[in-house]
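Please look through the following structure with the text beside it.

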Amino acid sequence: MTKSSERAFAVQDYDLAATLASGQAFRWQPHQDSWVGIISGRWVKLRHQNNSIIAQVAEPVQEWAWLTHYLQMETDLAHILAGFPDDAAMRSAINACRGLRLLRQDPWECLASFILSSTKQIVQIQQIIALLCQRFGDLLPVPSGHEPARNFPSAARIALLAESELRDCKMGFRAPYLLAAARSIATGRLDLNRVADLPLAEARAELVQLPGVGPKIADCVLLFAYGFPSAFPVDVWVMKALRELYFPRGKPTRQKLLHFTETYFGQNAGYAQQYLFHYMRTRRPARG
DNA sequence: CTCCAGGCGCCTT
DNA sequence: AAGGCGCATGGA
């Protein structure tokens, strides 16, 4: 296998734009007909053409597993969709966004990003993260003619910062949370690699110990970084979707709804959640 | 100007 | 156990 800086990957049922802009990851930038982002410390430009995803990198590489893994290209989406409950809401959601995928992100970047997400809209989260990377991320090689790119700052790097430096990135009351999380990881008190091997409930318990990380943020990380297929982040959007789509006239307690999410959607509940969320977010104008 | 956003943690009942 | 409130910031 020779090194190359561009490669095409055959894919089916892959909506690259919906996936990269769906609120799972916050650093992807549209660039004409392409998307520019950073994966595993590599600048990469992606575009969807016919039945392929075409990837360009800054420096030739031999191995592309970092990319196929991140994009979860091997995932059989049709199989997952076939396992969803067969009801009107799910059918509408699938119709609205077939091809939407779950990414497999770096745990630290994903955790940090979602700590910064609380009570913020997606655009604002993107702004905060852009500032953080611009100030504290390392420069990465980019092809000539492209804007400079920086890595997401490591936990070790952020652990050495002062809270005021984080506040200056406009993250407000989330600054001490991010700092404490970074320090937990930098000192080894929490080992993010170990979380991958735990059962779901234990993995969740580990993450929730971090300040600023509650059940919702923990489940985002479990789903978008670790790939726990039944992790099910419940935020106000999903709660609204569940009430409107499944209990239009009842008034179930939050408790009952949470139980519903744990039992109704099957082993790929996380995927089902992403479809419902995306459907809710896109079917009405002027939101999100 | 006021309101509130894809939560969390803490303080009340 | 369940519900209310403050938290920073910026955009509608």
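A nonpolar core is a set of buried Ala, Val, Leu, Ile, Met, Phe, Trp, Tyr and Cys residues joined through side-chain atoms within 4.5 Å, where buried means under 20% relative accessible area. The model shown here is a predicted one, and the largest such core in it has 78 residues, of which Trp108, Leu132, Leu178, Phe265 and Tyr275 touch the most other members. Helix 6, which covers residues 122-136, supplies the largest share of this core, with eight residues. Another core lies apart from the largest one and has 22 residues, among them Val11, Leu16, Leu20 and Trp64.

If neighbours within four places in sequence are left aside, Leu178 is in contact with Trp108, Ala112, Ile115, Leu116, Leu132, Ile158, Leu166 and Met171. Leu178 also takes part in the meeting of two helices, in which Trp108, Leu111, Ala112 and Ile115 of helix 5 face Tyr177, Leu178, Ala181, Ala182 and Ile185 of helix 9. By class, the residues of this contact are nine nonpolar, with no polar and no charged ones.

How do these two helices lie relative to each other, and at what angle do their axes cross? The axes of helix 5 (residues 107-115) and helix 9 (residues 175-186) come within 9 Å and cross at roughly 160°; because angles over 145 degrees count as roughly antiparallel, helix 5 is roughly antiparallel to helix 9. Their crossing is right-handed.

A second pair of helices has another arrangement to examine. Helix 13 (residues 236-246) packs against helix 14 (residues 254-263) at an angle of about 85°, with the two axes 11 Å apart, and therefore helix 13 is roughly perpendicular to helix 14. Helix 13 contributes Met239, Leu242, Arg243 and Tyr246 to the contact, while helix 14 contributes Arg254, Leu257, Phe260 and Thr261. Sorted by class, the contact of helix 13 with helix 14 has five nonpolar residues, one polar residue and two charged residues.

The backbone of two loops also deserves attention. Most residues other than glycine have a negative phi. Asp13, however, has a positive phi near 60°, and this residue sits in the loop between strand 1 (4-10) and helix 1 (16-20). Asn50 likewise has a positive phi, near 55°, and is found in the loop between strand 4 (42-49) and strand 5 (52-61). As for accessibility, Asp13 counts as partly exposed because its relative accessibility is 29%, whereas Asn50, at 71% relative accessibility, counts as exposed.

Notes. Residues numbered from 1 in each chain as written. Chains lettered and ligands numbered in written order. Predicted model: local features only at pLDDT ≥ 70, side-chain atom pairs only at ≥ 80, totals over all residues. Heavy atoms only, no water. Axes fitted to C-alpha atoms, helices over the stretch in contact; angles between N-to-C directions. Helix = DSSP H or I, 4+ residues; strand = E, 2+ residues; numbered from the N terminus. Parallel < 35°, antiparallel > 145°, perpendicular 65-115°, else oblique. Contact = heavy atoms within 4.5 Å. Nonpolar A, V, L, I, M, F, W, Y, C, P; charged D, E, K, R; others polar. Left-handed = near helix turned anticlockwise from the far one by under 90°. Buried < 20%, exposed > 50% of the residue type's maximum accessible area, 1.4 Å probe, protein only.
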